[in-house]
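My notes follow the structure.

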Amino acid sequence: MKRIVLVSGSSNPSLANQISDFLDVPLVNPQLVRFANGEIFCEIEKHVRGADVFVVQSTSAPVNDNLMELLIMIDALKRASASSITAVIPFYGYARQDRKASPRTPISAKLVADIVTVAGATRVVTMDLHAGQIQGFFNIPFDNIYASPVILNYIKKEIFTENSVFVSPDAGGVERVRFYAKKLNSDIAMIDKRRTGKNIAEAMNVIGNVNGKECIIIDDMIDTAGTLVEACKALKKNGATKVYACATHPVFSDPAIKRISECAELDRVIVTDTIQLTDAAKKCDKIKVLSTAELLAKAIHRTFNNDSVSSLFI
């Protein structure tokens, strides 16, 4: 008889608990201990032999600690004779290093794919990959879940009007923005972004009509919020009346919260709970967090029952 076991790492316990509630499956919190020298020890304090195990762990900051924790949990489960091990990684760290952008640099997203597979994962489920081609780095089944149903529902109920326009913060995100615009029969615009260094961006030109419009910026993640702030300024300079920002992953590296709080041109930031917010982010009244727990729970349930996951988004 098939049996499901849900295991949580330490990176996002709140999300794991919500998934557990939706699935009505007890959550297993493995014993995770850090020795004085930083080594991680893991013990699964539940019988998992022959079970289909789902390990929920975002590889968010501290990225290397959380990634290593995930690998050690997978190895422990493999050695405990789990029938299958699905790594549920709501936020896939190192996803921006998906190609050689310059000579003598690594493709770290591929390296992470290799070590997750070697550790013993038999399947990976993640959400809104920064680069879709990362799916091809894996030689095991891989599901890229989209947060768009959750974000789209909020936009429709709370901020969308006939005067709204969807905005891509760069050329690479136009396809993502076009999806939202098509669903709500709206126009799109784009920011022509010029990078002057790593994590440094300067928004230059707005392509499309935003004069007198309520702009909704759509992105996959917000890191230092430099791009976001410059985009907001450019949109307001071109006549936008309001500016909202929606992103799946609230990375919020320093000084993101300070920038968001001090940006007068930005009205609200809508993110999901793929990454657990810091205390500073929780105190920022501009930030609204949406839950992806039900969506991930449905994906886990369908995977366990060998049902279609893609039908969640059709």
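I started with Asp-75, which comes out partly exposed at 24% relative accessible area. For the record, buried is under 20% relative accessible area, exposed is over 50%, and partly exposed is in between (1.4 Å probe, protein chains only). This is a predicted model, where local features need pLDDT of at least 70, side-chain atom pairs count only at pLDDT 80 or more, and totals for chains, interfaces and linings use all residues. Residues are numbered from 1 along each chain as its sequence is written, and side-chain values use heavy atoms, with hydrogens and water left out.

Next I asked which residue pairs with Asp-75 in a salt bridge. I found Arg-79, with the closest N and O atoms 2.8 Å apart. A salt bridge here takes a side-chain nitrogen of Lys or Arg within 4 Å of a carboxyl oxygen of Asp or Glu. Both residues sit in helix α2, four residues apart, about one turn of the helix. Helices are DSSP runs (H or I, at least four residues), strands likewise (E, at least two), and both are numbered from the N terminus. Arg-79 is exposed, at 64% relative accessible area.

I then counted salt bridges for the structure: 11. One of them joins Glu-69 and Arg-34 through their side chains, 3.3 Å from N to O. Glu-69 is in helix α2 (residues 63–79) and Arg-34 in strand β3 (residues 31–34), so this pair ties together parts 35 residues apart in sequence. Is Glu-69 buried or exposed? I have it as buried, at 0% relative accessibility. Arg-34 is partly exposed, at 41%.

Over in helix α5, I looked at Glu-175 and Arg-178, three residues apart, about one turn of the helix. They form a salt bridge with the closest N and O atoms 3.0 Å apart. Glu-175 counts as exposed, at 56% relative accessibility, and Arg-178 as partly exposed, at 40%. I also noted a network: salt bridges with shared partners join Asp-75, Lys-78 and Arg-79.

Last entry: Ser-186. I located this residue in the loop between α5 (174–183) and β10 (187–197). Ser-186 is buried, at 16% relative accessible area. What lies 2.8 Å from a polar atom of its side chain? I traced that to the backbone oxygen of Ser-164. Leaving aside neighbours within four places in sequence, I listed Phe-160, Ser-164, Val-165, Phe-166 and Ala-181 as in contact with Ser-186, contact being heavy atoms within 4.5 Å.

Methods
Polar contact = N/O pair within 3.5 Å; in protein donor to acceptor, adjacent residues only side chain to side chain.
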